[in-house]
Amino acid sequence: MTDKITLGLCVDFSSIKEKIPWAAKNGCETVSITSKAPMKITDMREKAKEVLEITGSSGVNISTIGVYGNPLALDEDFEELKITVLAARYFHTEIVSCFA
């Protein structure tokens, strides 16, 4: 166990250009990038490339990506969750969060 606490921030996919630099400037080391379902992101690889360009020079790491719909109740939300799980590696994270 470590004595260090990592400070992070939840950031919506739609505001990454503004929020990630703000997070870095204010001492955050990580961000959790989230979206409501449906995400309306057609190319997760391209979105990851965009995000990593922003985080690359900031020193902020992506801890989690998440999609918040209800995958237990709605088939389309379950499909969004599957896409998000498969895309996590493009964002250099192994953690996916969701609501159920």
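Trainee: What does the protein chain average in pLDDT?

Mentor: The average is 89, and 97% of the residues score at least 70. pLDDT is the predictor's confidence in each residue, from 0 to 100. Where pLDDT is low, the predicted coordinates should not be read in detail.

Trainee: On to the sheet. What is the strand order?

Mentor: The order is β1-β2-β3-β4, in an open sheet of 4 strands with parallel pairing. Strands here are DSSP runs of E, at least two residues; helices are runs of H or I, at least four residues; both are numbered from the N terminus. Two strands pair if DSSP finds at least two bridges between them.

Trainee: Which strands stand at the edges?

Mentor: β1 (8-12) and β4 (96-98). Each has a single partner strand, so one side of each is left without a neighbour in the sheet. Neighbouring strands are turned by 25 degrees against each other on average, direction ignored. Axes are lines fitted to C-alpha atoms, for helices over the stretch in contact, and angles run from 0 to 180 degrees between N-to-C directions.

Trainee: How many bridges join β1 to β2?

Mentor: 5 bridges, with the two strands running parallel. V11 has I33 in β2 as its bridge partner. Strand β3 (residues 61-68) is joined to β4 by 3 bridges, also parallel. There G66 stands opposite S97 in β4.

Trainee: Why is β2 called largely enclosed?

Mentor: Because 6 of its 7 residues are buried. Buried means under 20% relative accessible area, exposed over 50%, and partly exposed in between, using a 1.4 Å probe and protein chains only. T34 lies in β2 and is buried at a relative accessible area of 13%.

Trainee: What does T34 touch?

Mentor: V11, D12, F13, G66 and Y68, not counting residues up to four places away in sequence. Contact means heavy atoms within 4.5 Å. T34 and C98 are 64 residues apart in sequence but 8.9 Å apart in space, C-alpha to C-alpha.

Trainee: Helices now. Where does α1 lie?

Mentor: Helix α1 (residues 16-25) lies across β1 and β2 (30-36). It runs at about 170 degrees to β1.

Trainee: Which residues of α1 are buried?

Mentor: I16, I20 and A23. The arc is that of the directions from the helix axis to the C-beta atoms. Their cover includes β1, β2 and α2.

Trainee: And what sits on the face turned away?

Mentor: The exposed residues K17, E18 and K25. E18 has 52% relative accessibility. Its C-alpha is separated by 23 Å from that of I95, 77 residues apart along the chain. Just after α1, G27 takes a positive phi of about 90 degrees.

Trainee: What about α3? How many residues has it?

Mentor: Helix α3 (residues 75-87) has 13 residues. It reaches 18 Å from first C-alpha to last, close to the 18 Å expected at 1.5 Å a residue. That expected span is 1.5 Å times one less than the number of residues.

Trainee: Which α3 residues are buried?

Mentor: D77, E80, L81, T84 and A87. They cover an arc of only 130 degrees around the axis, which puts them on the same side of α3. These buried residues pack against α2, β3 and β4. On the other side, D75 and L86 are exposed.

Trainee: Last one. Where is H92?

Mentor: H92 is in the loop between α3 and β4. H92 is exposed, with a relative accessible area of 63%. Its phi is near 60 degrees, a positive value in a residue other than glycine.

Conventions. Residues are numbered from 1 along each chain as its sequence is written. This is a predicted model: local features need pLDDT of at least 70, side-chain atom pairs count only at pLDDT 80 or more; totals for chains, interfaces and linings use all residues. Side-chain values use heavy atoms; hydrogens and water are left out.
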